[in-house]
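This briefing concerns the structure shown below.

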2 protein chains.
Amino acid sequence: MPARNTKQKEAIRAALESAGRPLTADEVLARAKSAVSGLGAATVYRNLRTLLDESWLAEVQLPGEVTRYELSGKGHHHHFHCRLCGQVFELPACRGDFPALAPKGFEVTGHEVILYGYCPGCAPPPRRPRA
Amino acid sequence: MPARNTKQKEAIRAALESAGRPLTADEVLARAKSAVSGLGAATVYRNLRTLLDESWLAEVQLPGEVTRYELSGKGHHHHFHCRLCGQVFELPACRGDFPALAPKGFEVTGHEVILYGYCPGCAPPPRRPRA
DNA sequence: ATAGGTGCAAACAGTTTGCATGTAT
DNA sequence: ATACATGCAAACTGTTTGCACCTAT
């Protein structure tokens, strides 16, 4: 009868639940460490893997970025990556006819969209020095 | 007076020019190695960096994938990633009102779109066993 | 001749895994 | 009691860097 309830796993779940946005493994480690001081990175990675397998988590992979993790069950959506603070946010909806973007001969089965810019906490961005 | 003309750099350029699609550093190494047998990975990475700095190349970063490199100067476009052979292809156009996808308070300055599916060489994909 | 380039190996970051110990059940 | 989980350290992948040697200019 697998799947035990350890304080480590509990802390990792809590970190992700309270974040409100996708977290990296390092961010999970940092947040969960304050609840379980001796927590090791391997334990975080193992639990993230387990939570993915349980479909409790979903991976958020952005170009050139380390993998982030968010709570699953949110339905089809995409992400916004703040160019200033680096945080990643969920976008609410997904519209658009993406299969139409592919040339003849390509069969489109899925798509990914990432928006870049400045999040509410960072906008407006620094202007170039006014003349 | 920097920037010499070595056979290594020449082979790396040729590999990318003849590929017709974005290549990984490993793919560049493999292709360029047939022209310059002793070629080392570090040399490939250093030249890729240089060619990026010269804007002769552009990075192609897809979620969860190693960086690929394509010739620059192609204008704004996106990519198609084949789920079967793993190759990456350029898509011709980019249409759509992406800024409209962001909630209030977010300032959108750019976007990325990746289509997934089966390329002409791989489509149609394997069907699930017919009943 | 000499600055810049190359190749090897060591160093890195992020992630995974082996193993002895710890602990929830 | 015992199977699963943890923590450390070693291994791994992709990439970068230090350094002695090589080569295009």
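The model is predicted. Chain B and chain A bury about 2,900 Å² between them. Each of DNA strand D and DNA strand C has 20 protein residues around it. The largest pocket has a volume of about 340 Å³, and the second largest pocket holds about 190 Å³ of space.

**DNA strand D**

- Among the 20 residues around DNA strand D, those that come nearest are A:Arg4, A:Thr6, A:Arg46, B:Tyr45 and B:Arg49.
- Sugar or phosphate supplies 67% of the atoms of DNA strand D within 4 Å of the protein, and bases supply the rest.
- Phosphate oxygens of DNA strand D lie 2.4 Å from a side-chain N or O atom of B:Tyr45 and 2.9 Å from a side-chain N or O atom of A:Thr43.
- The side chain of A:Gln8 has an N or O atom 3.1 Å from a sugar or linking oxygen of DNA strand D.
- Two or more residues of the surface near DNA strand D come from each of helix 1 (7-19) and helix 3 (41-53) of chain A, and likewise from helix 3 (41-53) of chain B.
- By class, the residues of this surface near DNA strand D are 6 nonpolar, 8 polar and 6 charged.

**DNA strand C**

- Of the atoms of DNA strand C that come within 4 Å of the protein, 65% belong to sugar and phosphate.
- A base oxygen of DNA strand C is placed 3.2 Å from an N or O atom in the A:Arg46 side chain.
- At the phosphates of DNA strand C, an oxygen is 2.8 Å from a side-chain N or O atom of B:Thr43, and a phosphate oxygen is 3.5 Å from a polar backbone atom of B:Gly38.
- Helix 3 of chain A, together with helix 1 (7-19) and helix 3 of chain B, are the elements that give two or more residues to the surface near DNA strand C.
- The surface near DNA strand C comprises 6 nonpolar, 8 polar and 6 charged residues.

**Interface between chains A and B**

- In this interface, 34 residues of chain B are in contact with 34 residues of chain A.
- Carbon and sulfur atoms give 66% of the area buried between the two chains.
- On the chain B side, B:Leu101, B:Phe106 and B:Glu107 lose the most area to chain A, together 21% of what that side buries.

**Pockets**

- The largest pocket is lined by 16 residues, and B:Glu59, B:Val60, B:Gln61, B:His79 and B:Glu112 lie nearest its centre.
- Strand 2 (57-60) and strand 6 (107-118) of chain B are the elements that give two or more residues to the lining of the largest pocket.
- The lining of the largest pocket divides into 5 nonpolar, 7 polar and 4 charged residues.
- Residues of chain A that line the second largest pocket include A:Glu59, A:Val60, A:Gln61, A:His79 and A:Glu112, while B:Pro63 and B:Tyr116 of chain B also line that pocket.
- Strand 2 (57-60) and strand 6 (107-118) of chain A give two or more residues to the lining of the second largest pocket.
- That lining of the second largest pocket has 4 nonpolar, 4 polar and 3 charged residues.

Technical notes: Residues are numbered from 1 along each chain as its sequence is written. Chains are lettered from A and ligands numbered from 1 in the order in which they are written. This is a predicted model: local features need pLDDT of at least 70, side-chain atom pairs count only at pLDDT 80 or more; totals for chains, interfaces and linings use all residues. Side-chain values use heavy atoms; hydrogens and water are left out. A residue is near a molecule or strand if one of its heavy atoms lies within 4 Å of it. A polar contact is a pair of N or O atoms within 3.5 Å; within protein, one must be able to donate a hydrogen and the other to accept it, and residues adjacent in sequence count only if both atoms are side-chain atoms. Helices (H or I, at least four residues) and strands (E, at least two) are DSSP runs, numbered from the N terminus. Ala, Val, Leu, Ile, Met, Phe, Trp, Tyr, Cys and Pro count as nonpolar, Asp, Glu, Lys and Arg as charged, and the others, Gly among them, as polar. On a 1 Å grid over the protein atoms alone, a cavity is a set of points where a 1.4 Å probe fits but cannot get out, and a pocket is an open set with protein on both sides within 12 Å along at least five of seven lines; lining residues have an atom within 4 Å of a point. Grid points are joined across faces, edges and corners, and a volume is the space filled by probe spheres set on the points. Contact means heavy atoms within 4.5 Å. Buried area is the accessible area (1.4 Å probe) that two parts lose on being put together, summed over both.
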